[in-house]
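Biologist: Before we look at particular places, could you take me through how features of this kind are read, beginning with the surface?

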Amino acid sequence: MIELKEVTFSYDNKQIISNLTLSIKKGAKVGIMGESGCGKSTLLRLMAGLYRADHGTISVDGESDPEKISRKVSVVMQSPMLLPLSIYDNITMGHNYSKEQLEKVIKMARLSSWVDTLPDGIQTYIGDRADELSGGQAQRIAIARAMCKDSEVLLLDEPASALDSENTKSVLDAIMEYAIDKTVVHVTHQLKHLEGYDRIYVLKDGVLI
Ligand SMILES: Nc1ncnc2c1ncn2[C@@H]1O[C@H](COP(=O)(O)OP(=O)(O)OP(=O)(O)O)[C@@H](O)[C@H]1O
Ligand SMILES: [Mg+2]
């Protein structure tokens, strides 16, 4: 499902990923750990088609054009990007989803108890107030967005880093339930968040061990 062959990537002159080869089967759950700054987010961005490798090839579901890869994967970034729109628009990103699908993801991302307290609910405009959202609220919107897109591949970059322990457990459990047949790559500093995963790698010196 995800194939990286001898991938190298540098920012300016600083090499972050060095001749990295990785093969992830369809439906596999893979964790990636490693010390801060080792390149985990960079690797995830490469898998998401957001960066182009300097050398080597990356393919997702047989597709190797980064732009097409980005359409095939759902990503929860480490720092979620919110747009000056309503919560609804930030989740749907201009696509039409059924009411049932939307309700399902809002519930899975544990957004209901907060959204229900807002005067305009899911239609609340967060444009001018993006800074007023807590990190966990922004993160849960990003998770709902990724679940709505419903791709075969889910890439998670510390999706629960801003959540309290209770919400972390319930959101991560909901993600695993939702992603049972999907291919998941999950970057985290917390080994306990990778319980039940098929394989856990550590990124060190640009390669996975
Ligand atoms: N856009 C960029 N331009 C230049 N250097 C960058 C850029 N983004 C990241 N870096 C550098 O590349 C290295 C890897 O960054 P990356 O964000 O991939 O690390 P990480 O493993 O995700 O770290 P963390 O666990 O803190 O999130 C770091 O040294 C970082 O400073
Ligand atoms: Mg990171």
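Modeller: Patches are made of residues with over 30% relative accessible area and no salt bridge, where like charges are joined within 9 Å and nonpolar side chains (Val, Leu, Ile, Met, Phe, Trp, Tyr) within 5 Å. Accessible areas come from the Shrake-Rupley method with a 1.4 Å probe, and for residues only the protein chains shown count as cover. This is a predicted model, in which local features need pLDDT of at least 70 and side-chain atom pairs count only at pLDDT 80 or more, while totals for chains, interfaces and linings use all residues. Residues are numbered from 1 along each chain as its sequence is written, and side-chain values use heavy atoms, with hydrogens and water left out.

Biologist: Which residues make the nonpolar surface patch?

Modeller: Val202, Val207 and Ile209 make a nonpolar patch of about 230 Å². Ile209 sits in the segment after β9 (207-208), where strands (E, at least two residues) and helices (H or I, at least four) are DSSP runs numbered from the N terminus. Ile209 counts as exposed because its relative accessibility is 59%, given that buried means under 20%, exposed over 50% and partly exposed in between (1.4 Å probe, protein chains only).

Biologist: How should I read charged pairs, and how many salt bridges are there?

Modeller: Side chains of opposite charge can pair when their charged atoms come close. The rule used here asks for a side-chain nitrogen of Lys or Arg within 4 Å of a carboxyl oxygen of Asp or Glu, and by this rule the count comes to 7 salt bridges. One of them joins Lys26 to Glu152, with the closest N and O atoms 3.2 Å apart. Lys26 lies in the loop between β2 (14-24) and β3 (29-33) and Glu152 in the loop between α6 and β6 (153-157), so the pair ties together parts that are 126 residues apart in sequence. Lys26 is exposed at 56%, whereas Glu152 is partly exposed at 35%.

Biologist: Where do Lys169 and Asp173 lie?

Modeller: Both lie in helix α7 (residues 165-178), 4 residues apart, so about one helical turn separates Lys169 from Asp173. Their salt bridge has its closest N and O atoms 2.8 Å apart.

Biologist: And what describes a pair of helices?

Modeller: Two packed helices are described by the angle between their axes and the distance between the axes. Here the axes of α4 (residues 99-108) and α6 (residues 135-149) come within 9 Å and cross at roughly 140°.

Note on methods: Chains lettered and ligands numbered in written order. Axes fitted to C-alpha atoms, helices over the stretch in contact; angles between N-to-C directions.
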